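Visitor: Hi! Could you walk me through this one? I'm new to looking at protein structures.

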Amino acid sequence: MEYCNCFEPAWPADELLMKYQYISDFFIALAYFSIPLELIYFVKKSAVFPYRWVLVQFGAFIVLCGATHLINLWTFTLHTRTVAVVMTIAKTLTAVVSCATAIVLVHIIPELLSVKTRELFLKNKAAELDREMGLILTQEETGRHVRMLTHEIRSTLDRHTILRTTLLELGRILGLEECALWMPTRTGLELHLSYTLRHQNPVGLTVPIHLPVINQVFNTNHAVKISPNSPVASRLRPAGRYMPGEVVAVRVPLLHVSNFQIHDWPERSTKSYAMMVLMLPSDSARQWHVHELELVDVVADQVAVALSHAAILEESMRARDLLMEQNVALDLARREAETAVGARNDFLAVMNHEMRTPIRAIISLSSLIQETELTPEQRLMVETILKSSNLLSTLINDVLDLSRLEDGSLQLEIGTFNLHSLLREVLNLIKPIASVKKLYVTLSLSPDLIEHAVGDEKRLMQVLLHVIGNAIKFTREGGISISASVAKSESLKDPRAPEFFPMPSDNHLYLRVEVKDTGSGINPQDIPKLFMKFVQSQPSTKNYGGSGIGLAICKRFVNLMEGQIWIESEGLGRGSTATFIVKLGIPARLN
């Protein structure tokens with residue numbers, strides 16, 4: 001039985017394979033020829049590609065490969081020797097170019113990889129610069145807000161306005177739901193809710209100052225996040241909000257918080273802090289950023305500085321008001337003193353005119369009556385009248401001199417006089433009084449004492465008469481020794497007169513006069529009282545009469561003559577020594 005093959009293929013198997021290879025070589029050649037065209041377009045459009053010659057070499061390699069595949073189309077049929085030679089040349093050139101390209105790529109690929117690394121590094125740097133630029137922009141924005149806030153805060157020096165402005169500006173810039181300020185109370189044991197962003201007059205709420213969250217904030221010098229459920233934050237959150245926003249708190253140093261009327265504040269507290277609480281909007285996913293926390297820190301510091309400046313201003317204004325009140329009081333006292341001085345001067349003028357004239361008349365008439373024939377009783381009465389009149393005249397003169405000395409109207413009458421004659425004249429005036437009490441009076445003049453001097457002759461005589469008169473008055477037996485000399489430079493500074501600072505010079509000298517008596521003496525503890533007005537050293541001196549202003553006037557006169565006076569005594573019954581030094585000019589050495 002014979003079988004027939006009804007399904008013979010149209011193309012033999014070997015011939016079909018040849019057809020597929022033929023078609024494949026055609027498309028391969030077409031692709032190879034299109035790739036160089038694309039490379040040429042790329043090189044033409046690229047202005048910075050550094051390996052153009054490599055692309056040319058690679059293009060030649062691809063063209064040769066395409067030519068090889070194209071020539072290979074003629075090898076599927078019978079072909080001539082020429083085709084075989086062309087095919088051999090094309091394959092040889094392709095081999096050479098492909099090897100050269102491979103060798104070149106071995107050297108170029110590392111460079112391309114390093115370029116890629118540098119490109120990645122530059123990209124990272126660019127990203128880092130972008131982040132830094134963003135940070136700089138954020139800092140600039142923060143600085144702008146800080147400057148604006150600082151300007152708003154420092155535009156006034158009223159504490160309440162500073163704090164209110166701070167809360168309003170922070171709430172506006174940061175988009176806060178609530179911002180509050182907790183202030184310390186007077187006791188320092190609680191914080192009082194003083195200011196809030198949403199309420200002009202917050203309800204009086206207090207929290208203990210020793211809470212852990214408050215200690216955490218006070219012990220940190222920057223803003224810290226706190227729990228929204230803490231006592232200082234939960235009382236600020238509106239009711240009905242399920243997701244409270246993030247909360248931060250920062251301390252605000254308080255310096256010189258006196259008279260800041262938030263209930264009772266401490267007078268001064270150098271380490272007292274207030275606390276500022278800032279709350280983001282509830283029911284939102286917003287979080288605090290670093291630049292916002294930095295803004296809060298800077299604002300807290302600026303608020304502390306502004307509050308300290310406001311405190312200083314308040315203190316200076318209080319000091320100014322107090323000074324103005326004192327000036328008004330001083331001006332009133334000055335006017336009253338001037339009025340009193342004027343009244344006293346008027347009184348002295350009237351007394352000088354209205355009292356001296358009748359006293360002089362009484363003294364003159366009494367002296368004339370003494371010259372007439374009188375009975376012993378009448379003579380005693382006239383002598384009493386004359387003695388009382390002289391005492392009253394002396395008292396009036398002393399009071400007038402003392403008044404002029406105290407108001408500074410008394411001026412020395414400087415002139416040239418005979419010093420020796422002055423001392424002898426004083427001696428002649430004193431001797432009659434001393435002879436009545438049977439006392440001796442001696443005068444000793446130093447050989448180096450100049451004869452003529454420049455000074456106030458009248459006041460010097462008055463001092464001598466007062467001092468010697470006191471010596472005679474308090475001496476019952478014995479006598480008085482008067483010595484006058486030029487004070488030596490080594491004796492000018494006397495420890496008994498520590499406030500006396502003489503200045504030696506060739507144009508003047510210091511006259512030293514000592515009056516020593518054998519009288520009743522003085523208790524050493526009573527000596528400082530002698531130069532006080534209307535004060536007598538001891539009750540027994542009242543028996544001698546006097547008003548107690550003679551030595552006070554002497555001290556003033558001596559001080560006017562740039563000198564010093566003092567008294568020494570070893571005690572009662574041992575006498576005393578009165579010494580004074582006055583400055584006198586030397587005529588021959590003065591202009």
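Guide: Happy to! A salt bridge is a side-chain nitrogen of Lys or Arg within 4 Å of a carboxyl oxygen of Asp or Glu. Glutamate 338 and arginine 334 form one, with their closest N and O atoms 2.8 Å apart. Keep in mind that this is a predicted model.

Visitor: Where do glutamate 338 and arginine 334 sit relative to each other along the helix?

Guide: Both belong to helix α7, and because they are 4 residues apart there, about one helical turn separates them.

Visitor: Which other residue does arginine 334 form a salt bridge with?

Guide: Aspartate 331, with the closest N and O atoms 2.5 Å apart.

Visitor: How accessible are arginine 334, aspartate 331 and glutamate 338?

Guide: Arginine 334 is partly exposed, at 41% relative accessibility. Aspartate 331 is partly exposed too, with 26%, and glutamate 338 is partly exposed with 46%.

Visitor: How many salt bridges does the whole structure have?

Guide: A search of the whole structure finds 9. Another one of them pairs glutamate 562 with lysine 583, at 3.1 Å from N to O.

Visitor: Which parts does that pair tie together?

Guide: Glutamate 562 is in the loop between α13 and β12, while lysine 583 is in strand β13, so the pair ties together parts that are 21 residues apart in sequence. Glutamate 562 is partly exposed at 45% relative accessibility, and lysine 583 is partly exposed at 26%.

Visitor: Okay, new topic. How do α11 and α13 pack?

Guide: In general, two packed helices are described by the angle between their axes and the distance between the axes. For α11 (residues 457-473) and α13, the angle is about 145° and the axes are 10 Å apart. The crossing of α11 past α13 is left-handed.

Visitor: Which residues meet there?

Guide: From α11 they include Val463, His466 and Val467, and from α13 they include Leu551, Cys554 and Phe557. Sorted by class, this contact has 6 nonpolar, 4 polar and 1 charged residues.

Visitor: Which residues of α13 are buried?

Guide: Gly550, Leu551, Ala552, Ile553, Cys554, Phe557 and Val558 are buried in α13. Following α13 comes glutamate 562, with a positive phi near 55°.

Visitor: What about the largest nonpolar core? Which residues touch the most other members?

Guide: Leu419, Leu460, Leu511 and Phe580 do, in a core of 46 residues. Elements that each supply at least two residues of this core include α10, α11, β11 and β13. The largest share, 8 residues, comes from α11.

Visitor: And what does leucine 460 touch?

Guide: Leaving out residues up to four places away in sequence, leucine 460 touches Phe417, Leu419, Leu422, Leu511, Met561, Phe580 and Val582.

Visitor: Which residues does the second core include?

Guide: Ile162, Leu174, Val250 and Leu295 are among its 31 residues, and this core is separate. As a general rule, in soluble globular proteins nonpolar side chains tend to be buried together.

How values were computed
Residues numbered from 1 in each chain as written. Predicted model: local features only at pLDDT ≥ 70, side-chain atom pairs only at ≥ 80, totals over all residues. Heavy atoms only, no water. Buried < 20%, exposed > 50% of the residue type's maximum accessible area, 1.4 Å probe, protein only. Axes fitted to C-alpha atoms, helices over the stretch in contact; angles between N-to-C directions. Left-handed = near helix turned anticlockwise from the far one by under 90°. Contact = heavy atoms within 4.5 Å. Nonpolar A, V, L, I, M, F, W, Y, C, P; charged D, E, K, R; others polar. Core = buried A, V, L, I, M, F, W, Y, C linked by side-chain atoms within 4.5 Å.
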